[in-house]
Amino acid sequence: MVLTQEEIDGCREAFLAFDKDRSGTIDVWELRQVLEAMGQKPTEEELFQMISEVDDNMSGSIDFGEFLKVIENQKERAENFDDENDMIDAFVACGGKSDKDGHVKRETLVRIIKQDFGLTIDIEELINKIDSDGSGEIEFDEFKILLSS
């Protein structure tokens, strides 16, 4: 995961703003303030984990290069987490189970897409393409493919 120049500039501003003692590094408490200012709510355990993942010199604090790695890791986790959780939420809303077990009935999906949402896509054809066993029951992996296409 690579940060854009704009994100790097924002990180530099945040890093400088929270490096209160101007040591060129931020400790776990300063890191918490940075992440909270960026809208995240990390636990203490997550904060120590973040620092340990990137603290190459084992100082217990992180310099700007290490800080960028933390932000890149957080960005990657957030993107992956949101996509997967959104997918599970949609699966459950259509009749599947939150542990990715169970299935969504073909008729339910067709009704939701056509009647509830009023979409004109050919959902039947899409289901035919992904319902590999032809059961009319869409398992989580098939559901994920369907929503990703």
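Phenylalanine 48 is partly exposed, with a relative accessible area of 44%, where partly exposed covers the range between buried, under 20% relative accessible area, and exposed, over 50% (1.4 Å probe, protein chains only). This is a predicted model, in which local features need pLDDT of at least 70 and side-chain atom pairs count only at pLDDT 80 or more, while totals for chains, interfaces and linings use all residues. Residues are numbered from 1 along each chain as its sequence is written, and side-chain values use heavy atoms, with hydrogens and water left out. Helices (H or I, at least four residues) and strands (E, at least two) are DSSP runs, numbered from the N terminus.

**Aromatic pairs**

- The structure holds six aromatic pairs, a pair being two rings of Phe, Tyr or Trp (its six-membered ring) whose centres lie within 6.5 Å, with planes under 30 degrees apart counted as stacked, over 60 as edge-to-face and the rest as tilted.
- One of these is the tilted pair of phenylalanine 15 and phenylalanine 67, with 5.5 Å from centre to centre and 50° between the planes.
- This pair links distant parts of the chain, since phenylalanine 15 belongs to helix α1 (residues 5–18) and phenylalanine 67 to helix α4 (residues 64–93), 52 residues apart.
- Both phenylalanine 15 and phenylalanine 67 are buried, and together with Phe64 these residues form one aromatic cluster.
- Tryptophan 29 and phenylalanine 48 form an edge-to-face pair, 6.3 Å centre to centre with 90° between the planes.
- Here too distant parts of the chain are linked, with tryptophan 29 in helix α2 and phenylalanine 48 in helix α3 (residues 44–54), 19 residues apart.
- Tryptophan 29 counts as partly exposed, at 47% relative accessibility.

**Helix α2 and its ends**

- Within helix α2 (residues 28–37), the buried residues are Val28, Glu30, Leu31, Val34 and Leu35.
- Seen down the axis of α2, these buried residues fall within an arc of 155°, so they line one face of the helix; the arc is that of the directions from the helix axis to the C-beta atoms.
- The N-terminal end of α2 is capped by aspartate 27, a side-chain oxygen of which lies 3.0 Å from the backbone nitrogen of tryptophan 29.
- After α2 comes glycine 39, whose phi is positive, near 90°.

- In α3, the residues Leu47, Met50, Ile51 and Val54 are buried.
- These α3 residues cover an arc of only 95° around the axis, which puts them on the same side of the helix.
- Helix α7 (residues 140–148) has Phe140, Glu142, Phe143 and Leu146 as its buried residues.
- Down the axis of α7, the buried residues fall within an arc of 155°, so they line one face of that helix, whereas Asp141 and Ser148 are exposed on the other side of α7.

**Salt bridges**

- Side chains of opposite charge can pair when their charged atoms come close.
- The structure holds four salt bridges, each defined as a side-chain nitrogen of Lys or Arg within 4 Å of a carboxyl oxygen of Asp or Glu.
- Among them is the salt bridge between glutamate 36 and arginine 32, whose closest N and O atoms are 3.8 Å apart.
- Glutamate 36 and arginine 32 are four residues apart in helix α2 and therefore separated by about one helical turn, and glutamate 36 is partly exposed, with a relative accessible area of 36%.
- Lysine 69 and aspartate 56 also meet in a salt bridge through their side chains (2.9 Å, N to O).
- That pair links distant parts of the chain, with lysine 69 in helix α4 and aspartate 56 in the loop between α3 and β2 (62–63), 13 residues apart.
- Lysine 69 counts as partly exposed at 34% relative accessibility, while aspartate 56 counts as exposed at 56%.
- A further salt bridge joins glutamate 125 to lysine 129, with the closest N and O atoms 3.4 Å apart.
- Glutamate 125 and lysine 129 are four residues apart in helix α6, and so about one helical turn separates them.

**Aspartate 131**

- Aspartate 131 lies in the loop between α6 (123–130) and β4 (137–138).
- Although buried, aspartate 131 has no salt bridge, and the nearest side chain of opposite charge, arginine 106, is 4.6 Å away; Lys and Arg count as positive and Asp and Glu as negative, while His and the chain ends are not counted.
- Leaving aside neighbours within four places in sequence, aspartate 131 is in contact with Gly136, Glu137 and Glu142, contact meaning heavy atoms within 4.5 Å.

Technical notes. A polar contact is a pair of N or O atoms within 3.5 Å; within protein, one must be able to donate a hydrogen and the other to accept it, and residues adjacent in sequence count only if both atoms are side-chain atoms.
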